[in-house]
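Me: I have a model open and a few things to ask about it. Can we go through them one at a time?

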Amino acid sequence: MRDRFGRPVTGLRISVTEKCNLDCFYCHREGCFSGSREMTAGEIGKIVGLATEFGVSKIKLTGGEPLLRKDIAGVVTAVTASRVKEVSMTTNGTLLAKVAGKLAAAGLDRVNISLDTLDEATYKRITGRGLLREVLRGIDAALSAGLTPAKLNMVLLAGVNEREVERMIAYTSKRGIILQLIELLETNGADFETYHCGLDGIERNLGKRAVAVRTRRSMQARRKYILSGGEVEVVRPMHNSEFCAHCTRLRLTPDGYLKPCLMRNDNLVDVLSPLRAGDSEGVREAFVKTIARREPYFRMD
Ligand code: SAM
């Protein structure tokens, strides 16, 4: 199903909890705020099942920190019951070492691990916690468990980690990980003017070194630079009408609301209430309503 702007909906980004064990100063929390209910693994599975009727084929589990859920392997099992093309997870990696094998066995295809720095002091400055070693162990465990292609999400922060890009390229290339360089999005979390870091210079540099450059239309038209020995994707959402024009995602909050856009909270649609009432038609209507409410946040006009 396409929205009014001709965009298909192929991805569902599910926040499975609002809780997190880190306190990254810039975090947008996937645009989710405290709710009074939390979806069970079974409910998430059922919603995914109905989402596939509308063309959803890729599921991303996120949070909060998804690994804080004790039943996270059960969530993965419930989601994979719908035979979607891909189930992946975005995690801060701090708790990954112990559960990577279990998640792979439950059917998780791959992971994105969020890591903005390889420097311990900078890690603590960004996240408020001294857990860098645990993350590095988690990355190794994910690779051993076959949760690949793994991606490392690095949000560029001016004056904090912008000089670490080369080090990150070396770290990820060596391990066969795709590096995603992410532009800071303006939300309530950080002092945007202070920390926003333009990516033009970095992209120019990548362009000169790349053996190939691709544009991934289905992934918000993001550019991918193939380097000899490594891959870097660049995610530039701010004031980027191309980014929004190619958005194919819906979101689901931990308390069971469908969310048409990360950046807005005024147009959510309750999908958990009809589900809990056993009203499958009501769940379908919630999807139709949400898709009808989708509109590009940044656009030409
Ligand atoms: N706790 C999990 C994690 O750390 O991956 C999942 C939730 S976290 C909100 C998901 C991703 O959003 C992380 O890669 C994080 O770096 C990114 N993110 C958070 N706030 C952001 C912002 N203001 N701009 C750009 N990316 C942001």
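Me: How do the residues lining the second largest pocket divide into nonpolar, polar and charged?

Reply: Five are nonpolar, six polar and three charged. Ala, Val, Leu, Ile, Met, Phe, Trp, Tyr, Cys and Pro count as nonpolar, Asp, Glu, Lys and Arg as charged, and the others, Gly among them, as polar. One caution: this is a predicted model, where local features need pLDDT of at least 70, side-chain atom pairs count only at pLDDT 80 or more, and totals for chains, interfaces and linings use all residues. Residues are numbered from 1 along each chain as its sequence is written, and side-chain values use heavy atoms, with hydrogens and water left out.

Me: Which residues lie nearest the centre of that second largest pocket?

Reply: His28, Gly31, Phe33, Thr187 and Asn188, out of 14 lining residues. The volume of the second largest pocket is about 250 Å³. A pocket is found on a 1 Å grid over the protein atoms alone: an open set of points where a 1.4 Å probe fits, with protein on both sides within 12 Å along at least five of seven lines. Lining residues have an atom within 4 Å of a point. Grid points are joined across faces, edges and corners, and the volume is the space filled by probe spheres set on the points.

Me: New topic. How many aromatic pairs are there?

Reply: Four. Rings of Phe, Tyr and Trp (its six-membered ring) pair if their centres lie within 6.5 Å; planes under 30 degrees apart count as stacked, over 60 as edge-to-face and the rest as tilted. Phenylalanine 54 and phenylalanine 287 are stacked, because their ring centres are 5.3 Å apart and their planes are at 15°.

Me: Where do phenylalanine 54 and phenylalanine 287 lie?

Reply: Phenylalanine 54 is in the loop between α1 (41–52) and β2 (58–62), and phenylalanine 287 is in helix α11 (residues 280–292), so the pair ties together parts 233 residues apart in sequence. Helices (H or I, at least four residues) and strands (E, at least two) are DSSP runs, numbered from the N terminus.

Me: Is phenylalanine 287 buried or exposed?

Reply: Buried, at 0% relative accessibility. Phenylalanine 54 is buried too, at 10%. Buried means under 20% relative accessible area, exposed over 50%, partly exposed in between (1.4 Å probe, protein chains only).

Me: What about tyrosine 297 and phenylalanine 298: stacked or edge-to-face?

Reply: Edge-to-face, because the planes are at 80°, with centres 5.0 Å apart. Tyrosine 297 is partly exposed at 39%, while phenylalanine 298 is buried at 11%. There is also an aromatic cluster of Phe25, Tyr26 and Tyr195.

Me: How many disulfides does a search find?

Reply: Zero in the whole structure. A disulfide is a pair of cysteine sulfur atoms within 2.5 Å.

Me: Backbone next. What is omega for the bond joining threonine 148 and proline 149?

Reply: About 0°, a cis peptide bond. Proline 149 lies in the loop between α5 (132–145) and β5 (151–156). The bond from glycine 63 to glycine 64 is also cis, with omega near 20°.

Me: And what phi does glutamate 30 have?

Reply: A positive one, about 55°, although glutamate 30 is not a glycine. Glutamate 30 is buried, at 6% relative accessibility. Histidine 239 has a positive phi as well, about 50°, but histidine 239 is exposed, at 63%.
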